[in-house]
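This report describes a set of computed features, section by section. Please keep the sequence and the coordinates at hand while reading.

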Amino acid sequence: MSLAAPTHGFLSPTGVEIAFLLVGLVTFGAALVSVTTRQLVHAALWLVVTLGGLAVEYLLLTAEFIAWVQVLIYVGSVVVLLLFGLMLTKAPIGRSPDADSGNRWAALTVAVAAAAALVWVVVDAFRATWIDLDGAAAGSTKVTGESLFQHWVLPFEALSVLLLAALVGAIVLSRKAKADAAGPEVPGARDGQAAAERAEGAR
Amino acid sequence: MNGVLDVALRLLVVFVVFLTFPLIVGQTEHKVMAHMQGRLGPMYAGGFHGWAQLIADGVKFAQKEDVVPNGADRRIFQLAPAVALLPYLLVLLAIPIGPGEGAVGQVLDAGVFFVLAVMAVGVLGSLMAGWASANKFSLLGGLRTAAQLLAYELPMLLAAASVAMAAGTVSLPGILDAFEWWWLPWQIVGAIVFFVAGLAELQRPPFDMPVADSEIIFGAYTEYTGLRFALFLLAEYAGIIVLCGLTTVLFLGGWHGPWGADGLGWVWTLLKTAILAFVVIWLRVTYPRLREDQLQKFSWTLLVPLSLAQIALTGIVKVVIQ
Amino acid sequence: MAPIPGSGLAKGLAVTLRTMTKKTVTAQYPDVQPDLPPRTRGVIGLFEENCTVCMLCARECPDWCIYIDSHKETIPAAAPGGRDRSRNVLDRFAIDFSLCMYCGICIEVCPFDALFWSPEFEYAETDIRELTHERDKLREWMWTVPAPPALDAGAEEPKEIAAARKTAEKLAAAQAEPQGGDT
């Protein structure tokens with residue numbers, strides 16, 4: 001994060017800033033639609049738009065590496081897994097009448113609280129720092145790698161242990177289902193395993 | 001003004017390549033496949049050995065009625081071909097064919113990630129088509145596509161990561177700048193894993209279960225007609241170009257060649273890509289389709305361990321030579 | 001010896017590659033006419049000069065697809081005091097090729113060699129009724145009947161030639177013997 005350009009004001013936005021805002025609005029709208037729509041697969045596809053929009057925002061902030069990884073992991077894998085799961089259900093084409101749960105207010109509360117916490121953390125951390133978009137890219141692969149493996153190694157390893165735990169848990173769950181069935185492999189077990197291995201790949 | 005012109009020119013060149021090269025591959029496939037089966041292939045269209053067959057096919061597709069099934073999810077059904085096709089156009093932008101800035105559409109810092117990420121997006125098109133067609137065969141095809149993608153993207157990524165480790169960069173021109181001839185035997189396992197996994201991701205035979213015509217008609221594309229169907233086909237052939245180009249750049253040294261590397265580097269790239277495209281066709285003619293469970297087993301029990309072993313080997317050699 | 005793993009895959013690749021370098025077997029039909037052997041079962045030609053209207057072909061035809069009409073004519077006696085002779089004259093000879101199953105029995109049974117196989121096969125019609133071809137058309141197809149294939153080198157000579165040769169030899173012997181007796 002380079003330091004602020006001294007002569008910066010809110011009233012003379014640059015082209016990048018306008019683009020950032022517009023893409024942000026689109027992303028926000030897509031996110032809203034993806035949680036409010038009653039068509040399950042449409043929700044997943046709106047999620048693609050949301051995640052893609054986020055990737056564009058990263059790009060605008062010169063964090064190229066993060067942007068492509070975002071597309072690769074979330075759009076390329078997580079949403080595909082989601083769609084795979086949806087296709088296994090009986091999701092109808094058109095509205096699902098029962099695609100609504102009673103605790104939408106609780107969900108809203110949690111979402112707003114999480115958003116508030118994130119915004120607060122970001123605002124508190126960066127205050128009025130401006131990214132110098134004209135200088136060397138602050139988010140290139142080299143820079144990201146160096147900061148990740150020099151300053152943030154411990155959280156990185158902690159996260160990988162967390163993912164490993166999830167992986168082992170998934171395997172344990174699928175093994176148990178297999179032992180209960182006591183027959184040929186249960187399809188569900190295999191999916192769980194695939195998902196677990198997927199998670200490892202994503203890491 | 002000069003910059004704008006430059007960008008426009010690059011985009012134009014990439015677009016022309018995108019429109020012509022898949023057709024060339026398609027025509028080659030017609031001819032090579034025919035001769036491998038003791039036939040002649042198309043002989044009429046265009047006069048000389050049927051060179052214009054695919055153009056004639058395109059005209060035919062354009063004339064056909066564009067049918068959307070009654071129960072289909074109309075908008076997603078119509079959007080799917082574009083989602084399947086456009087990523088490959090974007091990927092072509094990032095593939096360098098020669099040394100220097102002039103021979104690549106756009107230099108990207110994280111080129112390998114860009115290319116793999118965008119290719120994975122292309123599969124969303126098949127999934128959308130499979131779900132939105134309101135057809136059981138399409139749904140089965142979509143399911144198989146998703147399962148195949150999940151199984152084969154991992155070895156593909158790992159193989160690409162091995163090269164990135166060897167070169168110490170994830171930029172495609174950077175990898176080529178670092179290339180030495182002895183990388184070829186060093187990365188050969190990774191190359192094979194990458195190529196095979198790429199074939200599976202493109203759903204080319206012998207990994208074409210998602211479109212297995214004798215089982216599920218044409219998988220996710222069953223309900224498509226006319227121009228939209230043609231776009232899916234174009235996406236498949238553009239995918240072949242992209243896969244062969246990527247394998248060339250990552251594993252075969254792109255513009256490096258035994259001689260004449262200065263100035264003629266792009267010839268080497270094109271030559272290697274063409275040979276790989278021939279191999280794709282050759283494999284299609286030679287091998288029968290794998291069964292769905294064989295496909296999954298092949299990936300998880302063979303390709304993934306192989307690619308992990310390749311990464312280990314890369315790491316060891318890298319440490320030793322430093 | 002256990003085969004090397006993957007050798008089968010390589011063998012498959014070799015087969016397709018070898019086939020690619022070989023000559024193709026595709027027949028470029030409308031451009032290049034096929035080179036069909038004589039007696040190919042294309043169409044049946046009628047050599048009507050040989051036909052005596054014996055009706056054997058029509059009776060043997062399993063499909064009943066041969067139509068023959070005829071009438072009798074009386075030929076006045078050749079020599080004075082002789083008897084008038086009657087003769088069958090062919091009025092109609094038609095084969096319905098929409099029924100014909102190309103079994104060739106008619107050709108086999110014809111005692112006077114009036115029916116022949118021709119390799120001609122391009123006689124498709126747009127209406128099934130037009131597949132009933134009359135005698136003039138059948139006669140025209142006679143021109144497309146190729147000469148029969150030559151006999152094998154060691155084969156028995158054809159019956160009619162053998163008979164003719166025998167007669168000729170006998171005649172020669174009969175002529176030669178009296179001369180020999182004289183001298």
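## Chain A and conventions

In what order do the elements of chain A run from the N terminus on? They run α-α-α-α-α-α-α, and chain A accordingly has 7 helices and 0 strands, where helices (H or I, at least four residues) and strands (E, at least two) are DSSP runs numbered from the N terminus. Of the 203 residues in chain A, 24% are buried, with buried meaning under 20% relative accessible area, exposed over 50%, and partly exposed in between (1.4 Å probe, protein chains only). Among the contacts in chain A with a separation of 6 or more, 70% come from residues 24 or more positions apart, a contact being heavy atoms within 4.5 Å.

This is a predicted model, in which local features need pLDDT of at least 70 and side-chain atom pairs count only at pLDDT 80 or more, whereas totals for chains, interfaces and linings use all residues. Residues are numbered from 1 along each chain as its sequence is written, chains are lettered from A and ligands numbered from 1 in the order in which they are written, and side-chain values use heavy atoms, with hydrogens and water left out.

## Interface of chains C and B

Chain C contributes 14 residues to the contact and chain B contributes 15 residues. Between them the two chains bury about 1200 Å², 66% of it on carbon and sulfur atoms; buried area here is the accessible area (1.4 Å probe) that two parts lose on being put together, summed over both. Leu13(C), Met20(C) and Thr24(C) supply 40% of the area that chain C buries against chain B, more than any other three residues.

Across this interface the rule finds 7 residue pairs in polar contact (both at pLDDT 80 or more). A polar contact is a pair of N or O atoms within 3.5 Å; within protein, one must be able to donate a hydrogen and the other to accept it, and residues adjacent in sequence count only if both atoms are side-chain atoms.

Chain C holds an open sheet of 3 strands in the order E2-E3-E5, with antiparallel pairing, and its edge strands are E2 and E5, each of which pairs on one side only. Two strands pair if DSSP finds at least two bridges between them. Strand E2 (residues 66-75) is joined to strand E3 (residues 85-96) by 10 bridges, with Ile66(C) opposite Ile95(C) and Ile75(C) opposite Arg85(C). E3(C) is joined to strand E5 (residues 132-133) by 2 bridges, and Asp96(C) stands opposite Thr132(C).

## Salt bridges and a buried glutamine

Over all chains, a search of the whole structure finds 16 salt bridges. In one of them the side chains of Asp213(B) and Arg289(B) meet at 3.0 Å, N to O, and these residues are 76 residues apart. Asp213(B) counts as exposed because its relative accessibility is 51%, while Arg289(B) is partly exposed, with a relative accessible area of 26%.

Gln310(B), in helix H12 (residues 292-321) of chain B, counts as buried because its relative accessibility is 2%. The side chain of Gln310(B) reaches the backbone oxygen of Trp186(B) at 3.2 Å and makes a polar contact with the side chain of Gln187(B) (3.1 Å).

Notes: A salt bridge is a side-chain nitrogen of Lys or Arg within 4 Å of a carboxyl oxygen of Asp or Glu.
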